[in-house]
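Q: Could we go through this fold together? I would like to start with the packing and then move to other topics.
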Amino acid sequence: MAIRRIAEEQRLSGAVVAGGMVWLAGQVADDATLDAEGQTADILRQIDALLAEAGTDKRALVSIQIVLADIRDAPAMNRAWDAWLDPAHKPARMTIQAPLVDPAWKVEITGVALAPAA
């Protein structure tokens with residue numbers, strides 16, 4: 001089986017294409033000084049770019065997991081999410097609160113999308 005790694009870093013790949021799916025690593029904002037809405041928008045931009053590199057887009061997302069450092073940031077996160085979401089192609093989604101590795105990070109998002117047919 002072929003495995004394609006995208007945006008490889010020291011410890012991980014930004015996305016992995018395998019088994020007909022695109023697996024996203026947890027994405028965090030490039031600019032941690034932004035508020036939760038800004039960090040979410042930044043992360044969603046990164047997800048768009050990773051999916052494009054994998055040959056697909058957000059319409060192929062089947063599942064998203066969102067981690068908030070503070071659940072009170074859910075309304076701000078949802079504003080960015082709602083502005084980005086294609087309402088005709090909503091993925092399954094889970095949102096939880098948990099500590100993130102860098103205290104400046106307010107949001108981390110991961111997910112799974114269908115890969116384009118070979």
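Q: What covers the buried residues of H1?
A: This is a predicted model. In it, the cover over the buried residues of H1 includes strand S1 (3-8), S2, S3, S4, H2 and S6.

Q: Which residues of H1 are buried?
A: They are Ala36, Gly38, Gln39, Thr40, Asp42, Ile43, Leu44, Gln46, Ile47, Leu50 and Leu51.

Q: And how does H1 lie on the strands?
A: H1 lies across S1, S2, S3, S4 and S6, and runs at about 25 degrees to S6. H2 also packs on the sheet, where it touches S4 and S5, and its direction makes about 155 degrees with that of S4.

Q: What is the strand order in that sheet?
A: The sheet is open, with six strands in the order S1-S2-S3-S6-S4-S5 and mixed pairing. S1 and strand S5 (92-97) are the edge strands, each pairing on one side only.

Q: How many bridges join S4 to S5?
A: Six, and the two strands run parallel. Ser63 has Ala92 in S5 as its bridge partner.

Q: Changing topic: how many residues are in the largest nonpolar core?
A: The core has 28 residues, and those with the most contacts inside it are Val22, Leu24, Ile47, Ile66, Trp81 and Ile109. At least two residues each come from S2, S3, H1, S4, H2 and S6. H1 gives the most, with six residues.

Q: What does Trp81 touch, leaving out residues up to four places away in sequence?
A: Trp81 touches Thr40, Leu44, Ile64, Ile66, Pro91 and Arg93.

Key
Residues are numbered from 1 along each chain as its sequence is written. This is a predicted model: local features need pLDDT of at least 70, side-chain atom pairs count only at pLDDT 80 or more; totals for chains, interfaces and linings use all residues. Side-chain values use heavy atoms; hydrogens and water are left out. A nonpolar core is a set of buried Ala, Val, Leu, Ile, Met, Phe, Trp, Tyr and Cys residues joined through side-chain atoms within 4.5 Å. Buried means under 20% relative accessible area, exposed over 50%, partly exposed in between (1.4 Å probe, protein chains only). Helices (H or I, at least four residues) and strands (E, at least two) are DSSP runs, numbered from the N terminus. Contact means heavy atoms within 4.5 Å. Two strands pair if DSSP finds at least two bridges between them. Axes are lines fitted to C-alpha atoms, for helices over the stretch in contact, and angles run from 0 to 180 degrees between N-to-C directions.
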